[in-house]
Amino acid sequence: MTTTEARLLNLTERVPQASPHDDIDKVRFYDLGMRRSALMAYKRPSDRIMANVRDGMTDLVEVGFNTGLLSLHVAGKLPDLAVSGVEENQNLVDVAEDNLTLAVWANSAGDVEFEMAKLNRLPFPDDSADIVFSFSSLHRWRRPVETLKECARICKPDGVVIIEDMNRHAEEGHITFILQFVKEGGDEFMRSLQAAYTRDEAAELLKEAGLADWQVVEEDLGLVISSRPLEPVST
């Protein structure tokens with residue numbers, strides 16, 4: 001049995017991560033790896049957000065911003081819109097603030113703020129965000145049902161919520177493809193995948209949150225959850 005085949009086992013049941021990102025040095029190592037590869041990983045989420053921007057929009061919110069790279073990337077494309085990020089892991093917030101400082105120092109376009117707060121108590125008024133988005137964070141949410149409710153609460157009636165994360169039951173070919181890329185980060189990737197939800201589990205979370213009319217779509221390695229049907233974006 002190869003190492004890759006061994007890593008593909010144990011994805012039947014969800015295994016939550018006890019304390020992800022609890023070491024600042026590991027977070028900085030993770031961030032460095034994402035800086036080198038994130039443009040490819042973030043292209044489709046970024047394109048999906050851009051495809052839903054409309055005239056008159058003013059505020060975007062990222063829920064669980066990891067090290068802030070997607071918010072910074074989106075804000076650079078949308079310098080006239082405010083992008084606010086919320087994260088509840090102190091190490092991720094610290095590294096995101098470093099990334100924001102570097103972006104400001106480099107005169108990058110964009111209006112970005114990062115804030116530490118509980119994801120099940122988002123610090124925004126009702127109906128205040130045009131687009132609420134999240135990428136590769138759902139599997140870390142401590143109270144996913146409450147956070148989903150919060151995403152719905154802060155999103156404007158004509159806005160949209162877009163949540164993307166890995167699919168624990170993605171086809172093995174997609175998982176093997178990623179393992180070939182991440183190499184030394186393969187074990188961490190598999191722990192994150194073990195903590196991810198399946199489509200049926202995500203649908204059950206939405207049902208518990210009173211959001212059964214939201215969409216859950218499988219897409220390659222991931223799941224795309226949205227408050228309304230979305231147009232497909234190219235790879």
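How many residues apart are Arg191 and Glu188 in helix H7, and what does that spacing amount to in helical turns? The two sit 3 residues apart in helix H7 (residues 186-195), so about one helical turn separates Arg191 from Glu188. This is a predicted model, so take what follows as a reading of that prediction.

**Salt bridges**

Let's stay with that pair for a moment. Arg191 and Glu188 form a salt bridge, with 3.0 Å between the closest N and O atoms.

The rest of helix H7 gives some context. The helix is mostly covered, with 7 of its 10 residues buried. Those buried residues are Gly186, Phe189, Met190, Ser192, Leu193, Gln194 and Ala195.

The structure holds 14 salt bridges. In general terms, side chains of opposite charge can pair when their charged atoms come close.

| Pair | Closest N to O distance |
|---|---|
| Asp98 and Arg28 | 2.9 Å |
| Arg191 and Glu188 | 3.0 Å |

Take the salt bridge between Asp98 and Arg28, at 2.9 Å. Asp98 belongs to helix H4 (residues 90-105) and Arg28 to helix H2, so this pair ties together parts that are 70 residues apart in sequence. Asp98 comes out as partly exposed, at 38% relative accessibility, and Arg28 is partly exposed as well, with a relative accessible area of 39%.

Elsewhere, salt bridges that share partners join Arg44, Arg48, Glu164, Glu219 and Asp220 into one network.

Why does Asp31 count as buried? Its relative accessibility is 1%, and anything under 20% falls in the buried class. Which residues does Asp31 touch, leaving aside its neighbours within four places in sequence? The contacts are Thr67, Leu69, Val95 and Asn99.

**Surface patches**

One is positive, and Lys118, Arg121, Arg142 and Arg143 form it. Of these, Lys118 is placed in the loop between strand E3 (111-116) and strand E4 (129-135). Lys118 is partly exposed, with a relative accessible area of 44%.

The other patch is nonpolar, covers about 390 Å² and is made by Met40, Phe177 and Phe181. Phe177 is found in helix H6, and its relative accessible area of 47% makes it partly exposed.

Helix H6 (residues 172-182) also contains Gly173. That glycine is exposed, with a relative accessible area of 53%. How far apart are Gly173 and Leu221, in sequence and in space? They are 48 residues apart along the chain, with 9.0 Å from C-alpha to C-alpha.

If you're checking backbone angles, keep a general point in mind: most residues other than glycine have a negative phi. Two residues here go the other way.

Asn107 has a positive phi of about 60 degrees despite not being a glycine. Asn107 lies in the loop between H4 and E3, and counts as exposed at 69% relative accessibility.

Ser136, also not a glycine, has a positive phi near 55 degrees. Where is Ser136? Its place is the loop between E4 and helix H5 (144-154). Ser136 is partly exposed, with a relative accessible area of 21%.

How values were computed
Residues are numbered from 1 along each chain as its sequence is written. This is a predicted model: local features need pLDDT of at least 70, side-chain atom pairs count only at pLDDT 80 or more; totals for chains, interfaces and linings use all residues. Side-chain values use heavy atoms; hydrogens and water are left out. Patches are made of residues with over 30% relative accessible area and no salt bridge: like charges are joined within 9 Å, nonpolar side chains (Val, Leu, Ile, Met, Phe, Trp, Tyr) within 5 Å. Accessible areas come from the Shrake-Rupley method with a 1.4 Å probe; for residues, only the protein chains shown count as cover. A salt bridge is a side-chain nitrogen of Lys or Arg within 4 Å of a carboxyl oxygen of Asp or Glu. Lys and Arg count as positive and Asp and Glu as negative; His and the chain ends are not counted. The place of a charge is taken as NZ of Lys, CZ of Arg, CG of Asp or CD of Glu. Helices (H or I, at least four residues) and strands (E, at least two) are DSSP runs, numbered from the N terminus. Buried means under 20% relative accessible area, exposed over 50%, partly exposed in between (1.4 Å probe, protein chains only). Contact means heavy atoms within 4.5 Å.
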